[in-house]
Amino acid sequence: MNEYLYSKDVSELRRSFREGKMKSLDNRLTQLRLLHKLLEEGENELCDAVYKDLKKCRVETNMMEFLQIRIELGNATQNLEKWMKPKQVKGDLINKLNTCQLHKDPLGVVLIIGAWNLPLWEIFLPLVGALSAGNCAILKPSELSPHTALVIEKLVPKYLNRDCIKVINGGVAETTALLRERFDYIFYTGSTNVGRIVMKAAAEHLTPVTLELGGKCPAIVDSTCNFSVVAQRIAWSKFSTCGQLCLAVDYILCLPNCEEALVAALIASIKKFYGDNPKTCESYGRIVNKHHHQRISKLIDKSKVVYGGEIDEDDLYIAPTILTNVTPNDLIMKEEIFGPLLPIITVSSLQEAVDFINERDKPLAVYMFSNDEKSISFVTSETSSGGMCINDAAVHAAVPNLPFGGVGKSGMGSYHGKKSFNTFSHTKSYLYKNQRLENLNAVRYPPYKDDNAIMKWTEWILKPTLK
């Protein structure tokens, strides 16, 4: 590691930014189209790398990563010219004759630190926003998905402007050195603990941040559901990428008269998706490394396992697992699981479910499965979370025009669609005033007099009416 090289990289990017290499609409669109080309021509190599890191099959990688990035790119290229145009705002009475606008300025040089569980999404999706907004960027892929990180490092300079976008690989030492540099924005995806470190480093330079963190996302299930449908949607959310998704259902709060039917439907869904032996199924992935395998394995209380529970550390395999009779004091409820373990807690009422959620840190998402509109409205209004999804899980993050982000310990800031453009832009207030009609400004110039009639008239005109 050479800390001087990072200072040099940042300086080079800052020079490119000052020279306006990413300022024009054409230059931004060029980089977005080249990113699309990178994904098209590098798809095989990237998919192979993701498989080596996570044993994630190509179809899942395409659906959960490539497709979402391409949708984001399409949305940005189609709308960027409109997003960049100054927006007129209504002036007050004094400024009726003036031009009042909001201008979107690029921030400068930004740092994007990605995560290992969605190693393409977490780098390229925020990059779309950064490039759309006219920034230069350093990309730091996760060292825990090393094969993907190396391919990103290889492909990015081959397709994108090397003067404006750089990739830096490495582990904790390299990331720590990077965070000592001054950036104009930092976008981090990962754990809450590392998020604190990133935010502390950013504070040294008063750098704004977006932190996309995690948390224990609950799902509430009531007796009005079609359990077969609900089970499929929860199982897909929970066991895709072997449960290593921040938006996966972390645990289920089961209302009365639901558990038996729900558990049976969940088991049927798992068998439908992965067969009787998920270990041999090509659609079922693996835990990222031995450290995480050991951490997740310790959360399994075999006395509460009703399905699954098999582990193989050498293969980094943990079976899709359902646990019942779980209590709030169990080890599995003390931290985000981030693995294929699904605990079910039975509650006596919807109010108890809401209280259970509200007594804990605000999650990245709350999921409600119900056909009762009053129950849905109650949970929506009485809980706080980064996002909410009714009768499904995680899919709200795939809607380009729905900003995605956390609240409280699940993160701050958001992105996707136009929100990504806004996240990486500064909204500059702009007022244009001509030099005529100077007599109208006389009221603001000294000397001031208490009996100034023009001032009293101005105050009367501007005084707001309260409703």
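A: Serine 237 is found in helix α9, where helices (H or I, at least four residues) and strands (E, at least two) are DSSP runs, numbered from the N terminus. This is a predicted model, in which local features need pLDDT of at least 70 and side-chain atom pairs count only at pLDDT 80 or more, while totals for chains, interfaces and linings use all residues. Residues are numbered from 1 along each chain as its sequence is written, and side-chain values use heavy atoms, with hydrogens and water left out.

Serine 237 counts as buried because its relative accessibility is 2%, and buried means under 20% relative accessible area, exposed over 50%, and partly exposed in between, with a 1.4 Å probe and protein chains only. Leaving aside residues up to four places away in sequence, serine 237 touches Leu245, Leu247, Ala248, Val249 and Ala393, a contact being heavy atoms within 4.5 Å.

Turning to the sheet, seven strands form an open arrangement with mixed pairing, in the order β10-β13-β14-β9-β8-β15-β16, and two strands pair if DSSP finds at least two bridges between them. The edge strands, each pairing on one side only, are β10 (305-307) and β16 (387-390). Helix α9 (residues 227-239) packs on this sheet, touching β8, β9, β13 (321-323), β14 (341-346) and β15 (365-369). The direction of helix α9 makes about 135° with that of β14; axes are lines fitted to C-alpha atoms, for helices over the stretch in contact, and angles run from 0 to 180 degrees between N-to-C directions. Strands β8 (residues 218-221) and β9 (residues 251-254) run parallel and are joined by four bridges.
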